[in-house]
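Please try each task before you read its solution.

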Amino acid sequence: GAAAEEMSAPPMLSSHVGRSASMPTEPVMLKGKGRERSGTSIGANPTRSARGASRRRGSIADVAANLPTLESGRIHLIRSIQRHLGVSYYQVANVRRVQMRLLVYSRVELKDEISDVETAAENTGALGGYLPNKGGQAAKFTLRGTSLCFVNSHLAAHEGESKCMQRCQNVASIMKGASLGNKSLDLGSQFHHAFWMGDMNFRCRLVDDDGCAVPR
């Protein structure tokens, strides 16, 4: 079974992590995709740059201040799931990006038949994809010769064609960036079965019998 959970917590910067473990540790790291640059580029607005730097420092400080709360919430969630499932299940994979997490469990009797466990994640949120307020987490493993992949995602919100395109771009970024198994293939091209879940944020476009949009 797999559980996807979006928790209420401030966003923070995180690194792309892919690893195999039953109960992995979850360090707080910079994503590493971008670097701070010293100085001011030609034509840049120094005041705007200073404000942006201040906001970045503030968001990191907010995260640091809330780390004890985030950790206690993580422990509470995992213990609650384990109490509900009982001793017949164990945790195969655990992927976390602060507000978003993917946990995969299996029956204990299948433990010796599960292999090749691997996890990864990709942020698609604010600051050009640095913040994990949006993004996806993925886990894969092999069971009795069958490869399985689980993906949890929180895609861009709001209505309109541009937001719909942004959600589609989020999906493409997650499929490519959260690389598992054969790194030359995306998540949709290499597993026998893939399960995608989460807060997709896609809207339904309702039309009447004549093809006209239904008023909201």
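This is a predicted model: local features need pLDDT of at least 70, side-chain atom pairs count only at pLDDT 80 or more; totals for chains, interfaces and linings use all residues.

Residues are numbered from 1 along each chain as its sequence is written, and side-chain values use heavy atoms, with hydrogens and water left out.

**Exercise 1. Describe the chain as a whole.**

Step 1. Begin with the secondary structure: the chain has 3 helices and 7 strands, where helices (H or I, at least four residues) and strands (E, at least two) are DSSP runs numbered from the N terminus. Read from the N terminus, their order is β-α-β-β-β-α-β-β-α-β.

Step 2. Turn to burial, where buried means under 20% relative accessible area, exposed over 50% and partly exposed in between (1.4 Å probe, protein chains only). Of the 216 residues, 36% count as buried.

Step 3. Look at the contacts (heavy atoms within 4.5 Å). Among those with a separation of 6 or more, 63% come from residues 24 or more positions apart.

**Exercise 2. Find the salt bridges and say how exposed their residues are.**

Step 1. Apply the criterion: a side-chain nitrogen of Lys or Arg within 4 Å of a carboxyl oxygen of Asp or Glu. The structure holds 4 such salt bridges.

Step 2. Take Arg-107 and Glu-109, whose side chains meet at 2.8 Å, N to O. Arg-107 is partly exposed at 38% relative accessibility, and Glu-109 is exposed at 53%.

Step 3. Go on to Glu-113 and Arg-144, which form a salt bridge at 2.7 Å, N to O. This pair links distant parts of the chain, 31 residues apart: Glu-113 is in the loop between β3 (100-107) and β4 (114-123), and Arg-144 is in the loop between β5 (135-143) and β6 (146-154). Glu-113 is partly exposed at 34%, whereas Arg-144 is exposed at 59%.

Step 4. Now find Lys-183 and Glu-118, with their closest N and O atoms 3.0 Å apart. Glu-118 is buried, at 17% relative accessibility.

**Exercise 3. Work out which way α3 faces.**

Step 1. Check the length of α3: its 17 residues reach 24 Å from first C-alpha to last, close to the 24 Å expected at 1.5 Å a residue. The expected span is 1.5 Å times one less than the number of residues.

Step 2. List the buried residues of α3: Arg-167, Asn-170, Ile-174 and Gly-177. They lie on the same side of α3 because they cover an arc of only 110° around the axis; the arc is that of the directions from the helix axis to the C-beta atoms.

Step 3. What do the buried residues of α3 pack against? Their partners are β4, β5, β6 and β7.

Step 4. Finish with the face turned away from the buried side, which carries the exposed residues Glu-161, Ser-162 and Lys-176.
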